[in-house]
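Please examine the sequence and the three-dimensional structure displayed below. The report that follows describes selected residues and their surroundings.

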Amino acid sequence: MLTLSGEPTSQQLAAHCRAYILGMIGGVLMPNKSRNRVHLMYLPLLVDLDRADRYSWGSTCLTYSYKEMCRAIYPTSKKMEGCIVLLES
């Protein structure tokens, strides 16, 4: 785990924020079947951190989970991607 120095620059702070948010996307909100990779399509969303809070992350997570539930109905499907915690709650 990376730690910030006593007085991080704004660039260092932004980089750590992006890494943390990307970890949340790949680990909690929209994980893949392996649970250890994050799709690169999420990186452009984090370029401007001032806009990242305006995105509808909840509806995106729900849509992704619905899409994965539709894929999980096939007999060849062994695992399901998506936010399983959302389904459990």
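Which residues form a nonpolar patch on the surface? The patch consists of Tyr20, Met24 and Val28, with about 290 Å² of accessible area together. Patches are made of residues with over 30% relative accessible area and no salt bridge; like charges are joined within 9 Å, and nonpolar side chains (Val, Leu, Ile, Met, Phe, Trp, Tyr) within 5 Å. Accessible areas come from the Shrake-Rupley method with a 1.4 Å probe, and for residues only the protein chains shown count as cover.

The model is predicted: local features need pLDDT of at least 70, side-chain atom pairs count only at pLDDT 80 or more, and totals for chains, interfaces and linings use all residues. Residues are numbered from 1 along each chain as its sequence is written, and side-chain values use heavy atoms, with hydrogens and water left out.

**Surface and core**

Met24, one of the patch residues, belongs to helix H1, which covers residues 10–29. Helices (H or I, at least four residues) and strands (E, at least two) are DSSP runs, numbered from the N terminus. With a relative accessible area of 33%, Met24 is partly exposed. In this scheme, buried means under 20% relative accessible area, exposed means over 50%, and partly exposed lies in between (1.4 Å probe, protein chains only).

The largest nonpolar core contains seven residues: Leu22, Ile25, Met30, Tyr42, Leu46, Ala52 and Tyr64. A nonpolar core is a set of buried Ala, Val, Leu, Ile, Met, Phe, Trp, Tyr and Cys residues joined through side-chain atoms within 4.5 Å. When residues up to four places away in sequence are not counted, Ala52 touches Leu45, Leu46 and Trp57. Contact means heavy atoms within 4.5 Å.

**Helix H3**

Helix H3 spans residues 57–72, and Glu68 lies in this helix. Gly58, Thr63 and Ser65 are also placed in H3. The table lists the accessibility of these residues.

| Residue | Relative accessible area | Class |
|---|---|---|
| Gly58 | 53% | exposed |
| Thr63 | 52% | exposed |
| Ser65 | 1% | buried |
| Glu68 | 3% | buried |

Leaving aside its neighbours within four places in sequence, Glu68 is in contact with Met80, Glu81 and Gly82.

Gly58 and Leu29 are 29 residues apart along the chain, and their C-alpha atoms are separated by 8.4 Å. Thr63 and Lys33 are 30 residues apart along the chain, with their C-alpha atoms separated by 17 Å.

**The salt bridge**

How many salt bridges does a search of the whole structure find? The search finds one. A salt bridge is a side-chain nitrogen of Lys or Arg within 4 Å of a carboxyl oxygen of Asp or Glu. Side chains of opposite charge can pair when their charged atoms come close. Here the side chains of Glu68 and Arg71 meet, at 3.2 Å from N to O. Because they are three residues apart in helix H3, Glu68 and Arg71 are separated by about one helical turn. Glu68 is buried, whereas Arg71 is partly exposed, with a relative accessible area of 46%.

Lys79 is found in the loop between H3 and helix H4 (84–88). This lysine is exposed, with a relative accessible area of 54%. The C-alpha atoms of Lys79 and Glu68, 11 residues apart along the chain, are separated by 9.5 Å.

**Cysteines**

A disulfide is a covalent bond between the sulfur atoms of two cysteines. The criterion used here is a pair of cysteine sulfur atoms within 2.5 Å, and a search of the whole structure finds zero disulfides. Cys17 is partly exposed at 34% relative accessibility, whereas Cys61 is buried at 4%.
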